[in-house]
Structure formats: C-alpha cells, structure tokens
Amino acid sequence: MFLINHTGPGKSVYSMELMPECGTDQETPTCATVPVCASSSPLCSAPRWSAFRGGWVKVETKEEAAKRYLNAAEALADTAVYLTRCIDESGNVQEGCTPIYWPEGPRSAACAILSSSIWESGYREDIMTGAPPAGRGSQGEACLMQVMPQYIADNASWLSPEQKKGLSQDEVVQMVLGTDKPSLSRCYEVGGRLLSRFRRATRTCGGHSWVYSMYSGYGTGGRCRESTWSQDRERTYKTCMARWPDGEKIPDWASSVLTADIHGDSLVAALE
C-alpha cells in the first residue's frame, strides 16, 4: 500500500499496458483506435503500436499499476531479507552470498531501497522495463533504482566473474529490466548493495543523519552535498519505517485488485 499511496498509479503517460484485443499486426489492429476514455487528457489517448513492447498499448490504468506494485513489493521484501541475512524467501541459507552492512535489519533496508526507488523512478512502467523514449537515464541509468550501467555490472552478484567477462555491459543491464519478480529483485539488489557501499563511504555529512548522508553519497558517487534531493529521500524513509508494510490504508479501488498479502502477515513477518 505504501507504493500506491506515495506514487501516482494510473497517472503517467509513460506507463503502458498491452492490449491483446488489438492483435499483433502493426498495420491492422483488431480494436478501435479511438481514445479509450472521454476526457481530453493524454491519459485517454487512443491505442498506439509499441515496437518495444511488441503490441498495441494504451496508458496504464491504476489497476494494472497496482498489479505491478504487488510484484515489486514481494520482490523487495525477499531481496531485503536476502541482502541482510543471506537467506531466500523459504528461509534457506544461500551459499556464496555476501550480506550488506545494514545493522538495522531487513525492514530498514527495504525502506531505504523503496524510498530511493520511489524518488528515482516514480514506479513508472517504462522505467521498470527500460522502454523508450524515457525509460533509461541520459547516461544509461536503468531500472527502478536508476543505476549506472557500470555499477550494475560491478554489483551483479548473481553472476560469476567468468560470466561477467562473457557478457556485454548492456546484456547485464537487461537482467535488471522488467516487471517480473526476478528482474525486480536483481534491480533492488544492485541498488541495495550500492546504498550500503555509500552508507559506509559517507557516514556523516555535516552533522546529518546516516540516512541523509547515504542518499547524498548515492546521488553524488560518494560525496557529501547539501540538497533537497537527500532530504526528500530521508523523509520518505522515515515515513516508510513508521508505516510500511502494514500501516497504510488500502484505497477502495485497490481492494478488489490486490491480495491481502500486499499488506498482510507474510510481508510483515519476512521483514521482522
């Protein structure tokens, strides 16, 4: 629920959903290519062909966004536990895992990653998938955490050194793009490992908290800098720690879309 209440599901002209009813032929759609709702808002634009997505698309509804968010919340909870405890979602110890420095535990790590990803991406579908024209940053930054390509490769702990040598940088980047849980987990992992690294590198910035200092380092490559950028992320982290994952009210429209797991016992227990 934190994601739904602190982002803008259904309000991004860059987030798209496929329309299977329109078919797969770019020239002859099997649906009416007219505005999908009565308003003159760009959110009601007629279906269009997306070569990147391989089909006809319309602007994503808030209900479809909520389904993406469910995948993201589950992937985030699993990843935070993995990064801090080196166990999987079933509680099995993961051999070869290197835990990150995060003495506060998985709930804090999840909130730190979540806060960064909210401000970096707004949880837009095109950023999750890397879809053009705005799904990647000006320097190739990718996924919800908007990580630079070289940092993704450096922190791709799921790949052996030999595998990294055999893959191009872009091939590694593609592994963190997508709306599926494995891709989301890899995105959260590289972002979480970077946050931990910059937390150590910038323990205090001018008397600010470790949270503020960490975000300053994440945004500057390890330097301290006074900015609203860090303040915004610190504020969201604090709100998250107080209210996520089980302290947010479910909007009426979302209750019929999501399962109880999005705010229920399973996610809470995983992060304790």
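This is a predicted model: local features need pLDDT of at least 70, side-chain atom pairs count only at pLDDT 80 or more; totals for chains, interfaces and linings use all residues.
Student: What is the volume of the largest pocket?

Tutor: Let's begin with what surrounds the space. The largest pocket is lined by 14 residues, and those that lie nearest its centre are Thr79, Tyr82, Glu89, Ser185 and Glu189. Its volume is about 350 Å³.

Student: Which element gives the largest share of the lining of the largest pocket?

Tutor: Two elements give two or more residues to this lining, α2 (62-85) and α8 (181-201). The largest share is five residues, and they come from α8.

Student: Which element gives the most to the lining of the second largest pocket?

Tutor: This pocket holds about 250 Å³ of space. Among its 15 lining residues, Gln146, Met148, Tyr151, Tyr218 and Gly219 lie nearest the centre. The elements that give two or more residues to the lining are α8 and α9 (210-220). With three residues, the one that gives the most is α9.

Student: What is omega for the peptide bond from Pro132 to Pro133?

Tutor: To find the place, look at the loop between α4 (125-129) and α5 (149-154), where Pro133 sits. The peptide bond that runs from Pro132 to Pro133 is cis. Its omega is near 5°.

Student: Is Tyr123 buried or exposed?

Tutor: Find Tyr123 in the loop between α3 (106-121) and α4. Its phi is near 60°, a positive value in a residue other than glycine. The relative accessible area of Tyr123 is 1%, and buried means under 20%. Therefore Tyr123 is buried.

Student: What is the phi of Cys143?

Tutor: Cys143 belongs to the loop between α4 and α5. With a relative accessible area of 1%, Cys143 is buried. Although Cys143 is not a glycine, its phi is positive, at about 70°.

Student: How far apart in space are Leu43 and Glu60, C-alpha to C-alpha?

Tutor: Leu43 is in the loop between β1 (16-18) and β2 (48-50), and it is partly exposed, with a relative accessible area of 28%. Leaving aside neighbours within four places in sequence, its contacts include Gly10, Val36 and Val59. Leu43 and Glu60 are 17 residues apart in sequence. In space, C-alpha to C-alpha, they are apart by 8.2 Å.

Student: How many residues are in the largest nonpolar core?

Tutor: Several helices take part, and those that each supply at least two residues include α1 (2-6), α7 (169-174) and α10 (228-243). Among the members that touch the most other members are Leu114, Tyr123, Met145 and Trp244. The residues of the largest nonpolar core number 50.

Student: Which residues does Met145 touch, not counting residues up to four places away in sequence?

Tutor: Met145 is one of the residues that touch the most other members of the largest nonpolar core. Beyond four places away in sequence, Met145 touches Ile113, Ser116, Ser117, Glu120, Cys187, Gly191, Leu195 and Tyr218.

Methods:
Residues are numbered from 1 along each chain as its sequence is written. Side-chain values use heavy atoms; hydrogens and water are left out. On a 1 Å grid over the protein atoms alone, a cavity is a set of points where a 1.4 Å probe fits but cannot get out, and a pocket is an open set with protein on both sides within 12 Å along at least five of seven lines; lining residues have an atom within 4 Å of a point. Grid points are joined across faces, edges and corners, and a volume is the space filled by probe spheres set on the points. Helices (H or I, at least four residues) and strands (E, at least two) are DSSP runs, numbered from the N terminus. Buried means under 20% relative accessible area, exposed over 50%, partly exposed in between (1.4 Å probe, protein chains only). Contact means heavy atoms within 4.5 Å. A nonpolar core is a set of buried Ala, Val, Leu, Ile, Met, Phe, Trp, Tyr and Cys residues joined through side-chain atoms within 4.5 Å.
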